[in-house]
Amino acid sequence: MSREHRCALLAEADKAELIELADACIADGARVRVLVGPEVGCVTAQVREPVLEQRFLLGDVLACRAEVELAGHRGWAMRLGDDRAAALAAAVLDAEAQSGRPRTAEIDALCERIAARRERREDQEWAELAPTVVEFEELT
């Protein structure tokens with residue numbers, strides 16, 4: 001799993017599951033240094049419309065980011081919203097995975113659960129939208 005993909009999935013995780021796993025990561029006494037404390041600010045959101053796949057600026061959204069160093073490896077996280085604890089926990093998990101420490105497999109498993117949740121949510125959304133699809137017939 002790439003770091004980019006892992007960070008994207010951790011950005012969608014529930015706060016409780018992030019904090020529980022981050023606590024487990026540092027329970028062995030590993031030294032954690034906060035390089036950038038959780039900061040809340042606005043970032044410009046860019047989206048791609050699905051028909052022509054053109055990008056456009058949606059607007060500014062509230063986000064929180066943090067950066068830590070764990071066992072000599074940097075971890076970074078950014079999440080939508082203003083939850084500082086969740087951003088810090090996600091940064092710890094990124095550092096743990098980057099270092100290949102013992103909890104890496106649990107972090108990968110968490111990411112797989114998040115990806116499965118996302119897929120179920122998108123499938124459910126499409127199932128709800130499917131009856132509204134309008135099909136046009138061409139008269140010849």
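What follows is a chat about the core, salt bridges, surface patches and backbone of a predicted model.

Reader: What kind of model is this?
Author: The model is predicted.

Reader: Start with the inside. How many residues has the largest nonpolar core?
Author: The largest nonpolar core has 26 residues. Those with the most contacts inside it are Leu10, Leu18, Val92, Leu93, Ile107 and Leu110.

Reader: Which elements give two or more residues to this core?
Author: Helix 1 (3-10), helix 2 (15-26), strand 2 (55-70), helix 3 (84-99) and helix 4 do. Helix 3 gives the largest share, 9 residues.

Reader: What do nonpolar side chains tend to do in soluble globular proteins?
Author: They tend to be buried together.

Reader: And on the outside, which residues form a nonpolar patch on the surface?
Author: Ile26, Val32 and Val34 form one, and together they have about 200 Å² of accessible area. Ile26 is in helix 2.

Reader: Is Ile26 exposed or partly exposed?
Author: Ile26 counts as partly exposed, because its relative accessibility is 34%.

Reader: Salt bridges next. How many are there?
Author: The count comes to 12 salt bridges.

Reader: Which residue does Arg117 form a salt bridge with?
Author: Arg117 pairs with Glu17, and the closest N and O atoms are 2.7 Å apart. Arg117 lies in helix 4 and Glu17 in helix 2, so this pair ties together parts that are 100 residues apart in sequence.

Reader: Are those two buried or partly exposed?
Author: Arg117 counts as partly exposed at 27% relative accessibility, whereas Glu17 counts as buried at 18%. The cut-off matters here: buried means under 20% relative accessible area.

Reader: What about a network? Which residues are joined by salt bridges that share partners?
Author: Arg3, Arg6 and Asp94 are joined into one network that way.

Reader: Where is Arg121, and what does its side chain meet in a salt bridge?
Author: Arg121 is in helix 4. Its side chain meets that of Glu12 in a salt bridge, at 3.6 Å from N to O. Glu12 sits in the loop between helix 1 and helix 2, so to speak a distant part of the chain, 109 residues from Arg121.

Reader: How exposed are Glu12 and Arg121?
Author: Both are partly exposed: Glu12 has a relative accessible area of 31%, and Arg121 has 46%.

Reader: How far apart are Arg121 and Glu137?
Author: They are 16 residues apart in sequence and 31 Å apart in space, C-alpha to C-alpha.

Reader: And Lys15, which residue does it form a salt bridge with?
Author: Lys15 pairs with Asp83, with the closest N and O atoms 3.8 Å apart. Lys15 is in helix 2 and Asp83 is in the loop between strand 3 and helix 3, 68 residues apart.

Reader: What is the phi of Glu53, and where is Glu53?
Author: Glu53 has a positive phi of about 55 degrees, although it is not a glycine. Glu53 is in the loop between strand 1 (32-48) and strand 2, and is exposed at 51% relative accessible area.

Reader: And Ala71, what is its phi?
Author: Ala71 has a positive phi of about 50 degrees. Ala71 is in the loop between strand 2 and strand 3 (73-80).

Methods:
Residues are numbered from 1 along each chain as its sequence is written. This is a predicted model: local features need pLDDT of at least 70, side-chain atom pairs count only at pLDDT 80 or more; totals for chains, interfaces and linings use all residues. Side-chain values use heavy atoms; hydrogens and water are left out. A nonpolar core is a set of buried Ala, Val, Leu, Ile, Met, Phe, Trp, Tyr and Cys residues joined through side-chain atoms within 4.5 Å. Buried means under 20% relative accessible area, exposed over 50%, partly exposed in between (1.4 Å probe, protein chains only). Helices (H or I, at least four residues) and strands (E, at least two) are DSSP runs, numbered from the N terminus. Patches are made of residues with over 30% relative accessible area and no salt bridge: like charges are joined within 9 Å, nonpolar side chains (Val, Leu, Ile, Met, Phe, Trp, Tyr) within 5 Å. Accessible areas come from the Shrake-Rupley method with a 1.4 Å probe; for residues, only the protein chains shown count as cover. A salt bridge is a side-chain nitrogen of Lys or Arg within 4 Å of a carboxyl oxygen of Asp or Glu.
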